Amino acid sequence: MKRACSRFFYVYTKYFFMDVEILARIQFAFTIAFHYIYPPISIGLGLILVIMEALYLKTGDKRFELMTRFWLRIFALVFGIGVATGIIMEFEFGTNWATYSKYVGDIFGSALAAEGIFAFALESGFLGILLFGWNRVSSGVHFFATIMVFLGSLFSAIWIVVANSWQQTPAGFHIVGNGLEARAEITDFWAMVFNPSSVERLMHVWVGAILAGAFLVLSVNAWYIIKKKYLEIAIPAFKIALVVATVFSISQLFFGHKSADGVSRNQPAKLAALEGHYDSSARADMYLFGWVNNKTQETKGIKIPGGLSFLVHYDFNAPVKGLNAFKENERPTQVNSIFQFYHIMVALGVAMIALSLLACWYWRKGTLFDKKWLMYIFVWSVMMPQVANQCGWFAAEMGRQPWVVYGLLRTSDALSKAVSANQILFSLIMFTVVYTLLLALFLFLLHRKIQHGPETTHDEDDEANEAFTKRNNPLITHS
Amino acid sequence: METFLGIDYNVWWFLVFGGVISGYAILDGFDLGAGALHLFLNKEESRRIALNAIGPVWDGNEVWLVIAGGALFAGFPVAYAAIFSAFYVPFMVFLMGLIFRAISIEFRSKEPMQWWRKTWDISYCIANIIIALSLGLMLGNVALGIPLNKDHEFEGNWMSFFNPFSILIAITTLALFMMHGAIYLAMKTVNRLYVKLTLLARDFTIFFVLSFAVSTLYTLLYIPHLSDHLRTHPSFFILPIIMTLAIANIPRSLKNGNFRFAFLSSSITIATLLIMVAFEVFPYLIYAPNDPANSITIVNGASSLKTLKILLIIALIGTPLVCLYTGFVFWTFKGKVKLDEMSY
């Protein structure tokens with residue numbers, strides 16, 4: 001049996017060229033992408049909960065209370081899975097990327113430690129009050145807890161994006177030692193925190209996260225409106241989320257642009273990959289959509305001629321540094337994938353703006369909730385920010401290759417030398433199985449909660465508990 | 001070397017890290033123990049009360065693990081890299097345990113079917129046992145030391161982690177958490193369930209004392225160097241004395257119904273145990289028995305002085321805040337468990 005297993009692993013790794021590097025990258029990408037479904041919803045829903053609860057406290061209107069408590073239940077579910085999958089991430093640097101951990105620990109580690117103590121502790125501490133405290137603490141204290149949880153989630157994003165941005169645009173450090181002993185040591189903490197890309201990328205991430213929450217609320221309430229259920233609650237909730245979605249999707253235009261602008265200054269190779277631009281002597285085009293042939297180094301599609309040149313130099317004819325200006329081993333290779341991820345993200349961003357503005361237009365005309373087709377679009381719109389967020393990260397991280405710390409440490413040098421391909425394959429299979437189960441359970445329970453609706457302070461847990469007692473306890477008679 | 005209040009920054013961070021680990025063991029220890037004894041409770045209502053006793057706090061307790069991970073990564077990156085890549089397999093199993101614990105708590109109460117609840121009860125209980133055992137196993141191996149090459153990376157086979165000493169430590173850890181958890185639950189319950197839990201707490205105390213005695217005997221006989229520091233610094237013998245008194249106090253307090261004192265005693269037991277391990281290991285973070293020159297110490301495994309200073313500032317600002325809101329949450333949910341509509 002053991003021999004058969006090792007034979008299997010041998011054939012598998014040889015045949016599919018699955019070496020430690022590619023397996024470790026797949027595992028990291030898979031676990032982080034799965035994790036990143038949840039925290040953005042927590043951030044966005046956090047903001048919406050703050051608004052809903054504030055309205056409840058201000059007006060005392062029962063509808064706002066029901067709304068708040070309904071979304072609290074969904075928040076609990078999302079948060080739970082976010083935590084469970086997030087803890088994996090913190091340790092995966094050590095398990096799979098030991099060399100990287102040693103190299104950046106001095107810098108990356110402090111950001112991560114700050115996240116734990118300043119953000120995550122705040123969030124998780126007050127979460128107990130948020131979820132279990134409705135009848136135990138005064139409404140003011142509960143509202144305070146809601147704000148703290150939301151702030152905690154925002155702070156969390158700060159430190160994680162700072163750490164990631166440092167990998168993209170390292171600053172405030174110096175290199176000590178040579179070869180295997182080399183590592184980055186901090187020289188200026190605030191220069192590390194405010195490295196050239198962290199502020200603009202943080203804004204971009206925050207807004208993307210808020211959109212993820214807003215469109216989830218829009219989607220669920222659009223479904224209620226179509227089914228003509230809980231209209232008393234669904235309509236005001238939809239309006240709250242629509243305002244948030246409109247404001248933030250438009251502001252993303254600005255922050256997204258700032259981000260791209262930053263990439264053009266800090267990571268020209270990534271910028272060139274985003275638009276599939278190879279030739280440094282030529283002006284650079286901006287594509288609406290297209291296809292990059294990695295082999296022939298040609299990009300075809302519908303484009304704005306010189307658009308990228310204009311973005312970078314405010315001149316449609318100025319040449320932009322292309323991929324050919326970089327050595328073969330110092331630029332990303334999977335250019336078409338990066339191009340596609342980036343363009344899907346941009347297209348979805350524009351679509352979100354269009355959709356929310358259209359809805360606002362009908363709202364003003366007073367016919368928004370009669371437009372069934374629009375409500376159907378909103379039901380599916382929950383996927384838009386999710387896909388955009390994922391694509392954005394894939395573009396950002398694949399565009400950074402072959403570096404794990406831009407210009408300093410190669411991904412292929414960052415691995416754990418003590419870990420074998422078999423071990424990673426084993427854990428990757430384990431993660432795939434468990435995460436599939438998690439996703440299925442998440443969707444099942446989310447569906448149940450949505451079905452159950454907001455028109456009660458009763459949780460379905462409670463009904464489940466009553467049903468359990470009834471079924472299994474014949475001595476108890478219910479009147 | 002620069003010092004702060006007369007102590008090296010490296011030593012400071014060793015103390016902070018030890019403090020965080022102890023905080024994690026004390027706080028999440030009772031969640032894990034309560035979970036590990038979950039199947040000893042037979043009735044549906046008892047199980048619900050047990051789950052709701054840890055409901056509002058377990059997530060906050062788990063944060064201490066996240067802080068510990070961050071603290072190790074930031075302060076001692078070389079040790080962080082070596083430990084987690086060496087313990088790859090047991091650590092992945094540990095993480096799976098954490099995932100299953102979280103989702104079992106979350107999902108169990110959502111459906112009324114008996115098979116659904118039974119399944120999650122079993123998965124919950126097993127997950128907690130696995131977490132406790134793998135934590136103990138890793139602690140045992142860290143105390144024992146693992147073979148490292150000169151780049152401070154693990155060289156050896158992960159099957160060697162299953163040595164008698166580490167297995168004994170793993171069982172002791174489980175027993176300790178079960179005792180701790182039973183006392184916590186007794187503190188939170190009333191009537192018949194309360195009586196049952198006091199009996200369980202007594203049984204687990206015996207279980208812990210026995211397994212601890214065996215592991216101590218084994219250590220003294222076969223791994224004498226793990227008591228070297230205690231032999232050379234007799235004043236530290238106060239630690240085992242405190243621990244013995246704390247353990248002895250547990251049955252006494254249980255009998256008097258003074259559960260806070262019993263809980264405090266078991267917390268002190270956990271803390272003194274970890275302090276003794278840290279004291280014996282110091283100044284090594286990971287000892288390399290194959291070639292002691294390859295060991296990772298608090299000096300060669302540490303971040304730069306500048307980072308250690310920054311970290312200490314972060315810890316000085318952060319720790320009081322964390323204690324403040326942890327205390328606030330525990331205070332909000334103090335007293336016996338009452339099931340209401342927001343319960344699991």
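This briefing walks through a two-chain model, from overall dimensions down to single residues. The model is predicted, so local features need pLDDT of at least 70 and side-chain atom pairs count only at pLDDT 80 or more, while totals for chains, interfaces and linings use all residues. Residues are numbered from 1 along each chain as its sequence is written, with chains lettered from A and ligands numbered from 1 in the order in which they are written.

**Overall build**

- Chain A has 16 helices and six strands, and chain B has twelve helices and four strands; both kinds of element are DSSP runs numbered from the N terminus, helices being H or I with at least four residues and strands E with at least two.
- For the 479 residues of chain A, a compact globule would have a radius of gyration near 23 Å, and the computed 25 Å agrees; the radius is taken over C-alpha atoms, and the globule rule is 2.2 Å times the number of residues to the power 0.38.
- Chain B, with 344 residues, has a radius of gyration of 20 Å, in agreement with the rule's value near 20 Å.
- Along the principal axes, the C-alpha trace spans about 75 × 60 × 45 Å in chain A and roughly 60 × 40 × 40 Å in chain B.

**Burial and contacts**

- Buried residues make up 50% of chain A and 56% of chain B; buried means 20 or more other C-beta atoms within 10 Å of the residue's own, exposed means 12 or fewer, partly exposed lies in between, and C-beta atoms are placed from the backbone.
- Of the contacts in chain A between residues at least 6 apart in sequence, 74% join residues at least 24 apart; a contact requires C-beta atoms, placed from the backbone, within 7 Å.
- In chain B, residues 24 or more positions apart account for 77% of the contacts with a separation of 6 or more.

**The largest nonpolar core**

- This core has 269 residues, and those with the most contacts inside it are Ala214(A), Ala241(A), Ala82(B) and Ala182(B); a nonpolar core is a set of buried Ala, Val, Leu, Ile, Met, Phe, Trp, Tyr and Cys residues joined through C-beta atoms within 7 Å.
- Helix H5 (residues 98–132) of chain A gives the most to this core, with 22 residues.

**Where the chains meet**

- The contact takes 69 residues from chain A and 64 from chain B.
- On the side of chain B that touches chain A, H5(B) gives the largest share, twelve residues.
- By class, that side of chain B has 39 nonpolar, 14 polar and eleven charged residues; Ala, Val, Leu, Ile, Met, Phe, Trp, Tyr, Cys and Pro count as nonpolar, Asp, Glu, Lys and Arg as charged, and the others, Gly among them, as polar.
- Thr332(B), found in helix H12 of chain B, touches Ile129(A), Gly133(A), Arg136(A) and Val137(A), not counting residues up to four places away in sequence.
- Thr332(B) is partly exposed because 17 other C-beta atoms lie within 10 Å.

**Helices worth a look**

- Gly366(A), with a positive phi near 80°, follows H12(A).
- Helix H7 (residues 164–188) of chain B reaches 36 Å from its first C-alpha to its last, and 22 of its 25 residues are buried.

Technical notes. Two residues are in contact if their C-beta atoms, placed from the backbone, lie within 7 Å. The expected span of a helix is 1.5 Å times one less than its number of residues.
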